Amino acid sequence: MICFLIAVLVIVILILGFGFLVHHIAFGKRCMGDKRLKYFTHEDFEGLKAAPVEFKSNKGQTLKGNLYLKAGVRRPCALIIFSHGFGGGHLSYMTEINTFARNGFAVLAYDNTGTFASQGDSLVGFLQGVRDLNAAVNYARSNEKLKSLPIILAGHSWGGYSVCQALAGCKGISGAVAFSAPETGYQVICEQISAKAGFLLPLFKIIFFLKEGKASLRKCSDALSKTNVPTLLLHGDCDPVVKPAESPVTSPAVQANSSITTIMYENRRHNVYQTAESEEYLGEVMAGIQALKKIKKPSREEIEFCYDIDYELITREDPIVMQTVINFMKNCI
């Protein structure tokens, strides 16, 4: 009997150890992107101005970013606070930021804890995106130049999750837009391990609870079902990263909330704000980079070929999707 109990205890420890290891691999280090990739800045867009900003997040770590505004815009119609996705900082979304600014919005975009320009030894966890977004909202409300502007939250993927979750605690928000938001972080982790790893969901719920607290278990649909903030959820029906069934966009409770608009785009993937051609090209480029990383000593020619990227195509926006978002945002104010 004692041997049996010891064996069970060992198995439990091994399973929990595996869960903690996966969480550490995902969130236990800084995210600095791929140094061989080009990240657009405001200088790549005519008339786009950027003023550096920094503010403290929950543990006193400094988050850095920029306040973006189109030249000649004296009074922005609203302030968009943008929360970026996993694996990159806010510079990964400069084309979208430029579109927002071109339409008269001021945009506060920053790097999350442990990402690019911001402080932090690691990403901490999925819930950290929510904490950082809350810190950005508090900063905007305390800033003399920004506090009078209506606030609209926007984000993609991890950032979309942060937007949905932040609605449960932030007051006075005029609107929210979430691209490709997942229901929970632990579902995303399982999906990235394998499409057949659903049996690991209970394990990662425990790991997220132990590492990030009870709030990390709350589904986005639970937060959204109770909000009265006008919210737009956009998703692709072929999203391989956040499948529609694992997104609040398909939740009956969300669809029953009259404050929420949901749009499911046919034959679209994770970056629904891009054209289908752009997403397909992005997938090809990233697959090539992943294959290159598996080569122990790639040749110079292999590296140059892999990183010979058409940056206009890989960031090309879908004008219909983006106009839908712009119109929604303007209706919010």
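Helix α2 (residues 94–102) is largely enclosed by the rest of the structure, because 8 of its 9 residues are buried. Buried means under 20% relative accessible area, exposed means over 50%, and partly exposed lies in between (1.4 Å probe, protein chains only). Helices here are DSSP runs of H or I with at least four residues, strands are runs of E with at least two, and both are numbered from the N terminus.

This is a predicted model: local features need pLDDT of at least 70, side-chain atom pairs count only at pLDDT 80 or more, and totals for chains, interfaces and linings use all residues. Residues are numbered from 1 along each chain as its sequence is written, and side-chain values use heavy atoms, leaving out hydrogens and water.

The buried residues of α2 are Met94, Thr95, Glu96, Ile97, Asn98, Thr99, Phe100 and Ala101. Contact means heavy atoms within 4.5 Å.

Just after α2, Gly104 takes a positive phi of about 95°.

Helix α12 also holds Gln323. Gln323 is partly exposed, with a relative accessible area of 38%. Gln323 and Arg300 are 23 residues apart in sequence, yet 42 Å apart in space, C-alpha to C-alpha.

Now the cores. A nonpolar core is a set of buried Ala, Val, Leu, Ile, Met, Phe, Trp, Tyr and Cys residues joined through side-chain atoms within 4.5 Å. The largest has 55 residues, of which Leu79, Ile81, Leu153, Ile173 and Leu233 touch the most other members. Helix α3 (residues 128–142) gives this core its largest share, 7 residues. A second, separate core of 43 residues includes Ile97, Tyr311, Ile314 and Cys332.

Last, a helix pair. The axes of α5 (residues 185–193) and α6 (residues 201–212) come within 9 Å and cross at roughly 130°. That makes α5 oblique to α6. In α5, Gly185, Tyr186, Gln187, Ile189, Cys190 and Ile193 meet Leu201, Phe204, Lys205 and Phe208 of α6. The residues of this contact divide into 7 nonpolar, 2 polar and 1 charged.

Note on methods:
Axes fitted to C-alpha atoms, helices over the stretch in contact; angles between N-to-C directions. Parallel < 35°, antiparallel > 145°, perpendicular 65-115°, else oblique. Nonpolar A, V, L, I, M, F, W, Y, C, P; charged D, E, K, R; others polar.
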